[in-house]
Amino acid sequence: MKAVKIGMPLFMIIIASVFLISSFAIPKANLGNPNGPLYFPIGLSIFMLVLSIIYLFNELKTLHEHNGKIQVLFEGRTLKLIAVTIALGVIYAFIFEPFGFLISTIIFLGCLLFYVNGWKKWKVNIIVTVSFSFITWYGFSELLGVSLP
């Protein structure tokens, strides 16, 4: 459990550091302030780095205390649900371009809802999947004018 408690803030520190270093590779602007494009990503990276360090110190303070929330993560089907959701998200990313938003969202959401709710609630799963996909597509495509694949 100690590795899990410390692992997340360390992971966030690494991510923030990578973003910070990558921010310096952004090309300078030709017009206006040449360093203008650097301010936001650098500021955001520093903010994320500071918060991650505070998070790490808070976790180090409570390292030896029992945390029931982490125990719950490893019990039951929570970890399996997270893994399946990540796998479905990766598959969704791969099928998004060839199948388009509507079909890939219906497949992704349908698989996820059938996994979470089971086959007993198949009517609710189908209604939610189809209605959410169409409403989202209509909102972005027709109302906001955003072109979806």
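At 63% relative accessibility, Phe40 is exposed, because the cut-off for exposed is over 50%, against under 20% for buried, with partly exposed in between (1.4 Å probe, protein chains only). Phe40 sits in helix H2, residues 36–61. The model is predicted: local features need pLDDT of at least 70, side-chain atom pairs count only at pLDDT 80 or more, and totals for chains, interfaces and linings use all residues. Residues are numbered from 1 along each chain as its sequence is written, and side-chain values use heavy atoms, leaving out hydrogens and water.

Phe40 belongs to a nonpolar surface patch with Leu44, Ile46, Phe47, Val50, Leu51 and Ile54. Together they expose about 700 Å² of accessible area (Shrake-Rupley method, 1.4 Å probe; for residues, only the protein chains shown count as cover).

Now turn to Asn125, in helix H5, residues 122–143. Asn125 is buried, at a relative accessible area of 0%. Its side chain reaches the backbone oxygen of Gly118 at 3.1 Å. Leaving aside neighbours within four places in sequence, Asn125 is in contact (heavy atoms within 4.5 Å) with Leu113, Phe114, Asn117 and Gly118.

Step back to the chain. Its secondary structure comes to five helices and zero strands (DSSP runs numbered from the N terminus: helices are H or I, at least four residues; strands are E, at least two). Buried residues make up 23% of the 149 residues. The C-alpha trace spans about 55 × 50 × 25 Å along its principal axes. The accessible surface comes to about 10,600 Å², with 75% belonging to carbon and sulfur atoms.

Terms used:
A polar contact is a pair of N or O atoms within 3.5 Å; within protein, one must be able to donate a hydrogen and the other to accept it, and residues adjacent in sequence count only if both atoms are side-chain atoms. Patches are made of residues with over 30% relative accessible area and no salt bridge: like charges are joined within 9 Å, nonpolar side chains (Val, Leu, Ile, Met, Phe, Trp, Tyr) within 5 Å. A salt bridge is a side-chain nitrogen of Lys or Arg within 4 Å of a carboxyl oxygen of Asp or Glu.
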